[in-house]
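Hi everyone, thanks for making the time. I'd like to walk you through one model today, so please bring it up on your screens.

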Amino acid sequence: MWPNIIEIELSGIKKILSFPIIKIMKRNLKVACKNSTSLVGITKHFRDFLLNYAGRKKNKNFDGIFPISFDSSLNNLSIADKIKAQNFWKKCFGNNLNFKNKKIVYFAGAFNSTVYKSLNPIVSLVKKVEKLFPDYIFVFCGKGQYEKEIQTSFVNMSNTIMPGHVNSINLAYLRSVSYLALQPIENRLDYTKSLSNKFFEYISSGLPIITSLTGITEREIKKNKIGYVYKNEIGLFNVMAKLYKDNSLRNDISKNAKKLFFNKFSHKKVYDNFAIHCENVVKNYHNIK
């Protein structure tokens, strides 16, 4: 939602100083939208955001909605890749780790302010379950502006692993042996109106999503039974306790997640539909001319 989200998020002197820049950005976006034949967004809200700048109603021939999706072929690892990944994770976890005896809780993403601001319930949870649910191992992969602050939050916790930036092969292997996936994220307007790339990455591997995010993400999770949305620390703890004790429930959620991904959000479906849309735009544009 650039540049509007900047204006919404800034306050005080920063908001005042940014006013002329945001005004220019809004003008540029308005010009771009008004001169565009087709406007598309990752959700209805984002498409309509552009239509509002264009000052026109939706045209079914030109305007569409296409989610981000995820290339599920990244989950298919060769034997050689699996061996390399196993060796990598053995170094991170320790050589004696048996993945089958642990419930890996997966997170991979940017260590930015939106994650850091929503991290307190996760930190409290990790502390509580260290002895109560010893099979839970929390793995936080990534780097970013708040990397040091996030690492400090989990210092001296034996049930956490923080390997830093991890390549796609090692992440794919970790997803394949993980039990759940965390999505702690600030409930900012643009996030509640969209589905993040992490959403698609997680469900492509059949990982139940445990998130603090409301809006469209919460709607998809509840409608398709692919995870849980927690409102506070107590809600998060109850969800994690329930799933810890009930493997069959977790497996049912996992099946739902994979089914949703391949029926609706696979990269082939999304980009095939987008290609058809582009062809229709050209076809209808020439018919108008």
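Let me start with the disulfides: the count here is zero, taking a disulfide as a pair of cysteine sulfur atoms within 2.5 Å. Is C141 buried or exposed? C141 is buried, at a relative accessible area of 2%, while C92 is partly exposed at 25%. For those words, buried is under 20% relative accessible area, exposed is over 50%, and partly exposed is in between, with a 1.4 Å probe and protein chains only.

A word on what we're looking at: this is a predicted model, where local features need pLDDT of at least 70 and side-chain atom pairs count only at pLDDT 80 or more, while totals for chains, interfaces and linings use all residues. Residues are numbered from 1 along each chain as its sequence is written, and side-chain values use heavy atoms, leaving out hydrogens and water.

**The whole protein**

Zooming out, the protein has 14 helices and eight strands; these are DSSP runs numbered from the N terminus, helices being H or I with at least four residues and strands E with at least two. The C-alpha atoms fill a box of roughly 70 × 50 × 35 Å along the principal axes. Of the 289 residues, 46% count as buried.

**Helix 3 and its cover**

Now find helix 3, residues 44–54, where F46, R47, F49, L50, L51, Y53 and A54 are buried. Among the elements covering them are helix 1 (4–9), helix 2 (12–34) and helix 9 (189–192).

**A helix pair**

Last stop: helix 10 (197–204) and helix 13 (247–265) pack at about 120 degrees, axes 7 Å apart. Axes are lines fitted to C-alpha atoms over the stretch in contact, and angles run from 0 to 180 degrees between N-to-C directions. The two helices are therefore oblique to each other, since under 35 degrees is roughly parallel, over 145 roughly antiparallel, 65 to 115 roughly perpendicular, and the rest oblique. On the helix 10 side, the contact (heavy atoms within 4.5 Å) is made by F199, F200, I203 and S204. Helix 13 brings A257, K258, L260, F261, F262 and F265.
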